[in-house]
Amino acid sequence: MDRRKRKTLQAIQDACFKLLQQKSFDELTISDISEKADISRGTFYLHYVDKFDMLDQFEQQLVDKIKLIFETHLKDVNSPIDLLKSRYPTFIQLFTCLKEEQTLFQIIQQTKGAMSLQTELTKVLQNVFHQSPSNQIIGQVKYLPSHFFIPILVSVITGVTQLWLDQTADYTPEQLAKGILNIMINGPARVAGWLPGEVIDIDKFLDEK
């Protein structure tokens, strides 16, 4: 993508985000977006059929980036331990991406809603895992139907991301990645201290060869 096109698309995205702080998506017009982005209506239509196509492309753009992140760290997964340990760099990249793309994430959440993004991510990640060596590992989940695994993971990720972006607390992607991994490994109830039993130290777990 050339620099001019990238700059135009970013201007449209930023304009849409700012306008959604003032009015609902239903009230939003192409003229509103074009004026705020300092482009002509014709330029807008060079890239999008209408405002609904714009939203669909926004969502697909974010989903494609997340898909690439998950694909990158599934190449050398050959065991459950490999799968768990590879989630740490995956989650760091994921939360870094979502922080960088928070405008895009917030637009989707405000317009299409959390369930739309979760549904699209679940479809994509199910396909990603199905085509990787980790598919057999997920299929061996003992205490939960394996098809529950990815929707639960996606729900946790999107929920934590929304909370993170809404709050002023300055958590780093590394802290969030360890938090999600802690929940995956130790379970919510044990992490919360509601259940007795030894809690696996995430730092030691990641350092083990």
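Buried here means under 20% relative accessible area, exposed means over 50%, and partly exposed lies in between, with a 1.4 Å probe and protein chains only. The model is predicted: local features need pLDDT of at least 70, side-chain atom pairs count only at pLDDT 80 or more, and totals for chains, interfaces and linings use all residues. Residues are numbered from 1 along each chain as its sequence is written, and side-chain values use heavy atoms, with hydrogens and water left out.

**Stop 1**

Select Glu59. It is buried, at 6% relative accessible area. The term requires a side-chain nitrogen of Lys or Arg within 4 Å of a carboxyl oxygen of Asp or Glu. Side chains of opposite charge can pair when their charged atoms come close.

Where do Glu59 and Lys112 sit in the chain? Glu59 is in helix 4 (residues 51–72), while Lys112 is in the loop between helix 6 (102–111) and helix 7 (114–130). The pair links distant parts of the chain, 53 residues apart. Helices on this tour are DSSP runs of H or I with at least four residues, numbered from the N terminus; strands would be E runs of at least two.

Asp56, Glu59 and Lys112 are linked in a network of salt bridges.

**Stop 2: Lys65 and Glu101**

Stay on helix 4 and select Lys65, then Glu101. Their side chains meet in a salt bridge at 2.4 Å, N to O. This pair also bridges distant parts: Lys65 is in helix 4, and Glu101 is in the loop between helix 5 (80–100) and helix 6, 36 residues apart. Lys65 is partly exposed at 32%. Glu101 is buried at 13%.

**Stop 3: Lys178 and Asp203**

Select Lys178 and Asp203. Their closest N and O atoms are 2.4 Å apart, in another salt bridge. Lys178 lies in helix 10 (residues 173–186) and Asp203 in helix 12 (residues 202–207), so the pair ties together parts 25 residues apart in sequence. Both are partly exposed: Lys178 at 29%, Asp203 at 39%. The model has six salt bridges by this rule.

**Stop 4: the nonpolar core**

Which residues touch the most other members of the largest nonpolar core? They are Ile12, Met54, Phe58, Phe70 and Phe91, out of 53 residues. Such a core is a set of buried Ala, Val, Leu, Ile, Met, Phe, Trp, Tyr and Cys residues joined through side-chain atoms within 4.5 Å.

Select Phe70 and show its contacts (heavy atoms within 4.5 Å). Leaving out residues up to four places away in sequence, Phe70 touches Arg87, Thr90, Phe91, Leu94, Leu125, Val128, Phe129 and Ile157.

**Stop 5: the aromatic rings**

Rings of Phe, Tyr and Trp (its six-membered ring) pair if their centres lie within 6.5 Å; planes under 30 degrees apart count as stacked, over 60 as edge-to-face and the rest as tilted. The count comes to five aromatic pairs.

Phe44 and Tyr48 make a tilted pair, 5.3 Å centre to centre with 50° between the planes. Phe44 is buried at 0%, and Tyr48 is buried at 4%.

Next, select Phe95 and Trp164. Their rings are edge-to-face, 5.9 Å centre to centre and 90° between the planes. Phe95 lies in helix 5 and Trp164 in helix 9 (residues 146–166), so the pair ties together parts 69 residues apart in sequence. Phe95 is buried at 0%, as is Trp164 at 6%.

Two rings carry a charge over the face: Lys51 lies over Phe25, 4.6 Å from the ring centre, and Lys85 over Phe205, at 5.5 Å. The rule asks for NZ of Lys or CZ of Arg within 6 Å of the ring centre and within 35 degrees of the ring normal.

**Stop 6**

Select the buried residues of helix 2: Ile30, Asp32, Ile33, Ser34 and Ala37. What covers them includes helix 1 (3–19), helix 3 and helix 4.

Step on to Asp38, which follows helix 2 and has a positive phi, near 60°. Asp38 is in the loop between helix 2 (30–37) and helix 3 (41–47). Is Asp38 buried or exposed? It counts as exposed, at 71%. Last, draw a line from Asp38 to Pro173: they are 135 residues apart in sequence and 34 Å apart in space, C-alpha to C-alpha.
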